Amino acid sequence: DAILNRPSRFDVKYNFALPDPSLRLAFATKWIGKVNALSANTGIKFTSLEQTASDVADKTEGWSFAFLKELYVDIPTPS
């Protein structure tokens, strides 16, 4: 009850628009580049960063930045 009735960071609601295709492409390019840089640890290597990023941007309409980031950071490492 003390948290719910106290003014704090929880009393402000922010709305963010979903990213458009160009923002999804830029975000995908950034994160796929990071995955490629870590390919020795993940076992994943993309042959065409640009084509992969374009495919991801096309197939993720309606995804927020949070969902997109989860797509990249939750890549399982091979056992």
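Which polar side chain has an atom 2.9 Å from the backbone nitrogen of Leu-23?

## Asp-20 before α1

The side chain in question is that of Asp-20, a residue placed in the segment before α1, where helices are DSSP runs of H or I with at least four residues, numbered from the N terminus. The side chain of Asp-20 also makes a polar contact with the side chain of Ser-22 at 2.9 Å, a polar contact being a pair of N or O atoms within 3.5 Å, of which, within protein, one must be able to donate a hydrogen and the other to accept it, while residues adjacent in sequence count only if both atoms are side-chain atoms.

With a relative accessible area of 37%, Asp-20 is partly exposed (buried means under 20%, exposed over 50%, and partly exposed in between, with a 1.4 Å probe and protein chains only). The C-alpha atoms of Asp-20 and Glu-61 are separated by 7.7 Å, although the two residues are 41 apart along the chain.

## The nonpolar core

The largest nonpolar core has nine residues, among them Phe-27, Trp-31, Leu-49 and Leu-68; such a core is a set of buried Ala, Val, Leu, Ile, Met, Phe, Trp, Tyr and Cys residues joined through side-chain atoms within 4.5 Å. At least two residues of this core come from each of α1, α3 (49-59) and α4 (65-73), and α1 supplies the largest share, four residues.

## Basis of the model

This is a predicted model, in which local features need pLDDT of at least 70 and side-chain atom pairs count only at pLDDT 80 or more, whereas totals for chains, interfaces and linings use all residues. Residues are numbered from 1 along each chain as its sequence is written, and side-chain values use heavy atoms, with hydrogens and water left out.
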